[in-house]
Amino acid sequence: MKNSVKLAVPYKSQLDNALNPGGACNVTSIAMCLEYLGVTPLRQNIQIEDELYAYMESRNLNRHSPRDLATVVRNYGIRSISRGSRGKKVSRVNKVS
């Protein structure tokens, strides 16, 4: 396709999530984007999509709300993303635990 861009966003299946594999497509999608941007899980031995699901549940955030999903992205350290002639530029701050 002419003028298209293919990003190296990792594929993750929600079906291997430990938490709600049949209903966690939203946090799994966010996990793919965060991993592409270099974010890793805060805890050892957990996949990031399960960590995000638990993070949202523990803070009463709605995984169906675009605003709450954006809150999670910000809380995991992503502030802004821009694309320049030299690739992606990600503005990050320290992650919250």
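Two residues count as in contact here when heavy atoms lie within 4.5 Å. With that in hand, let's walk through this predicted model.

**The overall layout**

The protein has 3 helices and 2 strands, and going from the N terminus they come in the order α-α-α-β-β. Of the 97 residues in the protein, 35% are buried. The protein exposes about 6,500 Å², and carbon and sulfur atoms supply 50% of that area. As for how the chain folds back on itself, take the contacts between residues at least 6 apart in sequence: 46% of them join residues at least 24 apart.

**Helix α2 and its cover**

The buried ones are Ile48, Glu49, Asp50, Glu51, Leu52, Tyr53, Tyr55 and Met56. What sits over them? The cover includes α1 and α3 (66-75). Just past the end of α2, asparagine 60 takes a positive phi of about 55°.

**The nonpolar core**

The largest nonpolar core has 18 residues, and those touching the most other members are Val27, Leu34, Leu52, Val72 and Tyr76. Helices α1, α2 and α3 are the elements that give two or more residues to this core.

Leucine 34 is worth a click in your viewer. Setting aside residues up to four places away in sequence, leucine 34 touches Val39, Ile48, Leu52, Val73, Tyr76 and Ile78. Two of those names, Ile48 and Leu52, are also among the buried residues of α2.

The structure holds 1 aromatic pair. Tyrosine 55 and tyrosine 76 make it, in an edge-to-face arrangement with 5.3 Å from centre to centre and 75° between the planes.

**Salt bridges around lysine 12**

Now for the charged side chains. Side chains of opposite charge can pair when their charged atoms come close. The count here comes to 2 salt bridges, and lysine 12 takes part in the one with glutamate 35 and in the one with glutamate 49.

| Salt bridge | N to O distance |
|---|---|
| Lysine 12 and glutamate 35 | 3.0 Å |
| Lysine 12 and glutamate 49 | 3.7 Å |

Salt bridges that share partners join Lys12, Glu35 and Glu49 into one network.

How covered is each member of the network? Lysine 12 is buried, with a relative accessible area of 17%. Glutamate 49 is also buried, at 2%. Glutamate 35, by contrast, has a relative accessible area of 34% and is partly exposed.

Glycine 23 is found in the segment before α1. Its relative accessible area is 19%, which is under the 20% cut-off, so glycine 23 counts as buried. Leaving aside neighbours within four places in sequence, what does glycine 23 contact? Its partners are Gln14 and Arg63. Arginine 63 is 40 residues from glycine 23 in sequence, with 9.6 Å between their C-alpha atoms in space.

Leucine 7 also has its place in the segment before α1 (25-36). At 39% relative accessibility, leucine 7 counts as partly exposed. Together with Val5 and Val9, Leu7 makes a nonpolar surface patch of about 250 Å².

Note on methods. Residues are numbered from 1 along each chain as its sequence is written. This is a predicted model: local features need pLDDT of at least 70, side-chain atom pairs count only at pLDDT 80 or more; totals for chains, interfaces and linings use all residues. Side-chain values use heavy atoms; hydrogens and water are left out. Patches are made of residues with over 30% relative accessible area and no salt bridge: like charges are joined within 9 Å, nonpolar side chains (Val, Leu, Ile, Met, Phe, Trp, Tyr) within 5 Å. Accessible areas come from the Shrake-Rupley method with a 1.4 Å probe; for residues, only the protein chains shown count as cover. A salt bridge is a side-chain nitrogen of Lys or Arg within 4 Å of a carboxyl oxygen of Asp or Glu. Helices (H or I, at least four residues) and strands (E, at least two) are DSSP runs, numbered from the N terminus. Buried means under 20% relative accessible area, exposed over 50%, partly exposed in between (1.4 Å probe, protein chains only). A nonpolar core is a set of buried Ala, Val, Leu, Ile, Met, Phe, Trp, Tyr and Cys residues joined through side-chain atoms within 4.5 Å. Rings of Phe, Tyr and Trp (its six-membered ring) pair if their centres lie within 6.5 Å; planes under 30 degrees apart count as stacked, over 60 as edge-to-face and the rest as tilted.
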